[in-house]
Every structure is written in structure tokens, then in C-alpha cells.
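Hi there,

Here is the structure I said I would pass on to you.

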Amino acid sequence: MYVVLGATGNTGSAVVDTLLSRKQPVRIVVRSADKGAAWKAKGAEIAVASLDDVSALAKAFEGAKGLYLLVPPNYGVSAWLTEQRARMDRAADAVRKSGIGHVVFLSSIGGHIAEGTGPIRAARYGEQALGAVATNLTVLRPCYFMDNWAPVLGAAKGQGVLPTFIPPQAMVPMISTRDIGRVGAEQLMAGGKGTQIVELAGPEEYSPQQVAAVLSQILGREVSAQHAPL
């Protein structure tokens, strides 16, 4: 049995899809039973728990061979990093109490850097918190998600503008969340061997200008990348 958090999101859903396609038993953790109904229909087991409830999380993890863990950000709080670190601590406490043997944790590129990385500092903290309690820990450090372009597709379609914080000509590594989830599932099935770091990137680096050019072809209109100041 493998446990998956974040099954309603991009990488988590890809983890579950991969595991189910390979006839592996899966338990997904959701905040309410209705959020897991579609997965239950596909054969997954459902556990209801939240990141705020350590006891419920630990119970959901019990008896499983491995856990895919991500801690989604809550941007609505005033002290974002403090709150995110507290959620990481609760997740780590649940891992410790459950005794689960292997954790695959979704971190980020730059997770090895102590300061100056913005929200990635929370992922780095999670690596350290889990490293202190997990018997076997596999850390996934993917690069920029291709799926991050989705929220600005409306502007590209309606206004011909692709807003981006990345300088338009800068080439950066990118990866699809489907590939992240597939690798996460494969790491679960492979089993843990102490602490492992897995860095992930797609086959090429791309620039926002290239993304805009592809969207121009798809949408049949000129789309230009527009640098938005931080």
C-alpha cells in the first residue's frame, strides 16, 4: 500500500494514476470524502485527514510501504514562511508517529540553498524536518513547472500578452508535473535506500519568448512575453 497526499493536485494525481496503472494499492489522503470520490471509483482507498491533524495523518500513513508527501502553500496567512514551517513540522511528526518506512517528498530546485530563495526556503526546511525522522527519504527537486504557464493563458489568448517574472530571453529548465508524478511513483515502487536526492528537469531549457512563440502558433494570434517586475 502506498499513501499519496495531494492527489487532487497536479503531481499527486500523476502519482496516483501511475500507481493504479501498475496495479499498485493506493490510499489517498483528502480533507473530505467527497474530494476522493473520483479516486475511490478508480480503486483507491480514501483516508480523511488534514495537515493540521497529526493524529489523523499518522493513522492514514500506518501500514503503508511508502508515502508521497507534498505540503501545499497557504498564501492567505500573514506569516507565510512561519506557517509553512509549522505545517512541515506537523507532517514530519505524523511520519515519525506512523513509523512509515519510506517518504518521497516533493521539494524544489534550490532546496540545498539556505537563503535567498523565497518560498523554496520552506521546501528546504521540509527536507531537513523529514530527514530527522524518516528511515528512508527520497527528495524530489524538480525545476520550473511547465504547468505554471496555465494561469496566464487567458491573458495570452485575450490580450496577446504572456506575463512572466522570468526575463523573456532567459533560458530556464522546465518540466511537466505529469513527469514529476510519474517519477515520484517510480521512486515509491523502487523503495527507499537512506536519503536520496533526485533532481528533475525536462530535455531542454526554454525561455518565455519560446513559450510565447508556441502559444502564437496554437492560438493563431501574436503573443509576446512581457516581463513583470517582482
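The largest pocket holds about 1,400 Å³ of space; please keep in mind that this is a predicted model. Its lining is made up of 45 residues, and the closest to the pocket centre are V71, P72, P73, Y75 and F145. Several elements give two or more residues to that lining: the helices α1 (10-21), α4 (80-98) and α5 (120-131), together with the strands β2 (26-30), β5 (102-106) and β7 (144-145). Helix α4 gives the most, with four residues. Sorted by class, the lining of the largest pocket comes to 27 nonpolar, 14 polar and four charged residues.

Next is the second largest pocket, with a volume of about 260 Å³. Around it you will find Y144, N148, W149, P151 and V152, along with P163, T164, F165, I166 and L230. Eight of the residues in this lining are nonpolar and two are polar, with no charged ones.

There is also something to look at on the surface. V214, I218 and L219 make a nonpolar patch of about 260 Å². I218 belongs to helix α8, which covers residues 208-219. Is I218 buried or exposed? Its relative accessible area is 62%, and exposed means over 50%, so I218 counts as exposed.

I hope you enjoy exploring the model!

Best wishes

How values were computed. Residues are numbered from 1 along each chain as its sequence is written. This is a predicted model: local features need pLDDT of at least 70, side-chain atom pairs count only at pLDDT 80 or more; totals for chains, interfaces and linings use all residues. Side-chain values use heavy atoms; hydrogens and water are left out. On a 1 Å grid over the protein atoms alone, a cavity is a set of points where a 1.4 Å probe fits but cannot get out, and a pocket is an open set with protein on both sides within 12 Å along at least five of seven lines; lining residues have an atom within 4 Å of a point. Grid points are joined across faces, edges and corners, and a volume is the space filled by probe spheres set on the points. Ala, Val, Leu, Ile, Met, Phe, Trp, Tyr, Cys and Pro count as nonpolar, Asp, Glu, Lys and Arg as charged, and the others, Gly among them, as polar. Patches are made of residues with over 30% relative accessible area and no salt bridge: like charges are joined within 9 Å, nonpolar side chains (Val, Leu, Ile, Met, Phe, Trp, Tyr) within 5 Å. Accessible areas come from the Shrake-Rupley method with a 1.4 Å probe; for residues, only the protein chains shown count as cover. A salt bridge is a side-chain nitrogen of Lys or Arg within 4 Å of a carboxyl oxygen of Asp or Glu. Buried means under 20% relative accessible area, exposed over 50%, partly exposed in between (1.4 Å probe, protein chains only).
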